[in-house]
Amino acid sequence: MSFEDWIFAIHLLMAASLVGALVMSWILTVALRSVDTAGTTLSFNRVAMLGATILGVGLVGVIAFGIWLAILRDTFHPWDGWVIAAIILWCIATAAIVRAFAEYRKPAERARALLASGQAGPDPELAALNRTTTALLMRALASAAIVLIVIDMVYKPGA
Amino acid sequence: MPELLAAIRPAGQDFPVLLHIVGATVVFGALLTSAISLALARGEIRLLRLGYFSLLLVGLPGLILMRLSGQWIYQKQGWDDLPDQLKDPTWLKIGFIVADGGAILFLLALVVGGIGISRLRSGKGGEGLLKVTMICALVLALAYVVAVWAMTGKPGQPGAGAAATPAVSAGNSVATVTVTATEFRFTLSQASVPHGTVVFKVENKGKLAHDFSIGGKTSSLVAPNKSTTLTVTLEAGKLLYICTVPGHASAGMKGDLTVR
């Protein structure tokens with residue numbers, strides 16, 4: 001394997017981590033919608049935090065190694081239309097993921113406050129925070145952007 | 001399975017590749033969710049259930065999509081039509097081992113986890129069985145990382161600069177054939193050559209990297225606007241020549257050379 005092959009392999013491993021963690025975040029988002037107790041919310045939050053770490057590593061790694069690859073390869077360039085489109089979509093996905101992450105901190109904070117005050121039972125406010133529409137929309141936007149990146153990478157319009 | 005992102009493919013292969021990637025990443029995401037949820041459950045029933053049902057309801061459909069689209073790509077790229085020595089290179093074998101061996105482990109994890117969930121429901125424990133599911137999911141997630149590396153890095157595939165040209169001893173009569181590679185065809189300067197040592201000068205005038213394989217020997221991968229030579233001793237007969245880059249032979253980069 002050449003150096004370029006290694007960069008390509010790491011780029012795709014980062015992409016797999018990113019999309020895999022996004023799939024994971026969707027599973028957690030759907031499961032969390034029926035949760036209304038502080039203990040379970042924090043249990044889900046533990047899993048979500050690890051998922052968010054994998055997502056973050058994937059997001060940073062995929063763009064860094066992707067641009068490096070575009071510089072290394074004779075057949076592609078960072079200024080090619082489909083590469084620029086991917087970078088713009090990556091920016092949109094990153095912004096949406098950061099916004100969704102901020103929204104999902106709210107139920108975790110509420111759950112910690114409930115446990116601190118000794119309330120372990122169901123809480124309507126916590127249930128509402130776990131069903132947040134803003135975070136759902138942001139996650140949907142991020143997913144749409146990442147699906148478009150994958151389509152762009154596979155079809156390479158204009159290449 | 002073959003050829004993923006960052007490669008320009010012959011027409012008709014993009015859609016199965018897209019489906020394969022979607023399937024693979026869905027399985028990978030479900031495996032991550034399952035392994036992490038089960039590892040961090042600490043007896044929390046909902047997390048144990050999440051760990052199992054993410055495998056069953058998300059991972060299994062993803063696995064089926066990945067495997068079927070992988071087979072579709074295999075068929076589209078014409079791997080079945082290649083000579084035995086070129087069929088199923090190391091990287092492709094790794095892909096099949098992970099996909100098929102992994103599917104067995106995946107089903108085992110589902111069966112064991114299913115029993116675990118059933119025991120949890122009836123209050124007879126079951127956490128130990130779900131730990132087995134967690135270990136299987138973790139092993140599978142790691143195996144998928146190896147598969148992604150193999151599919152992209154393609155270990156065992158001749159790389160740029162790989163030496164495949166033995167020296168020609170002085171005094172032997174040597175035929176020289178110029179092979180011009182473009183997308184997706186070869187043009188040879190001669191349609192037939194005398195048997196014995198033949199030097200193929202491979203010139204890549206296309207936009208993608210190509211190689212040239214004949215008589216059990218394969219040239220190094222030639223970048224666009226570069227060339228290489230391949231020296232082969234050929235017996236009389238009709239010999240198949242191909243480009244071994246996945247999908248290129250099925251797209252037209254193959255033919256027969258008559259050796260007199």
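**Figure 1. Contacts in chain A of the predicted model.** In chain A, 81% of the contacts with a separation of 6 or more are between residues 24 or more positions apart; two residues are in contact if their C-beta atoms, placed from the backbone, lie within 7 Å. This is a predicted model, in which local features need pLDDT of at least 70 and side-chain atom pairs count only at pLDDT 80 or more, while totals for chains, interfaces and linings use all residues. Residues are numbered from 1 along each chain as its sequence is written, and chains are lettered from A and ligands numbered from 1 in the order in which they are written.

**Figure 2. Helices of chain A.** Chain A has five helices and zero strands, in the order α-α-α-α-α along the sequence. Helices (H or I, at least four residues) and strands (E, at least two) are DSSP runs, numbered from the N terminus. The C-alpha atoms of chain A fill a box of roughly 60 × 30 × 20 Å along the principal axes. Of the 159 residues in chain A, 43% are buried, that is, with 20 or more other C-beta atoms within 10 Å of their own C-beta, placed from the backbone.

**Figure 3. Chain B.** Chain B contains four helices and nine strands, and its pattern is α-α-α-α-β-β-β-β-β-β-β-β-β. Buried residues are 48% of its 260 residues.

**Figure 4. Strand β1 of chain B and its partners.** β1(B) (residues 174-182) runs parallel to β4(B) (residues 196-204), with eight bridges between them; strands pair if DSSP finds at least two bridges. Here V179(B) is opposite V202(B). β1(B) is antiparallel to β2(B) (residues 185-188), with four bridges, including T182(B) to R185(B). Two residues separate β1(B) and β2(B) in a hairpin.

Key
Buried ≥ 20, exposed ≤ 12 C-beta atoms within 10 Å, placed from the backbone.
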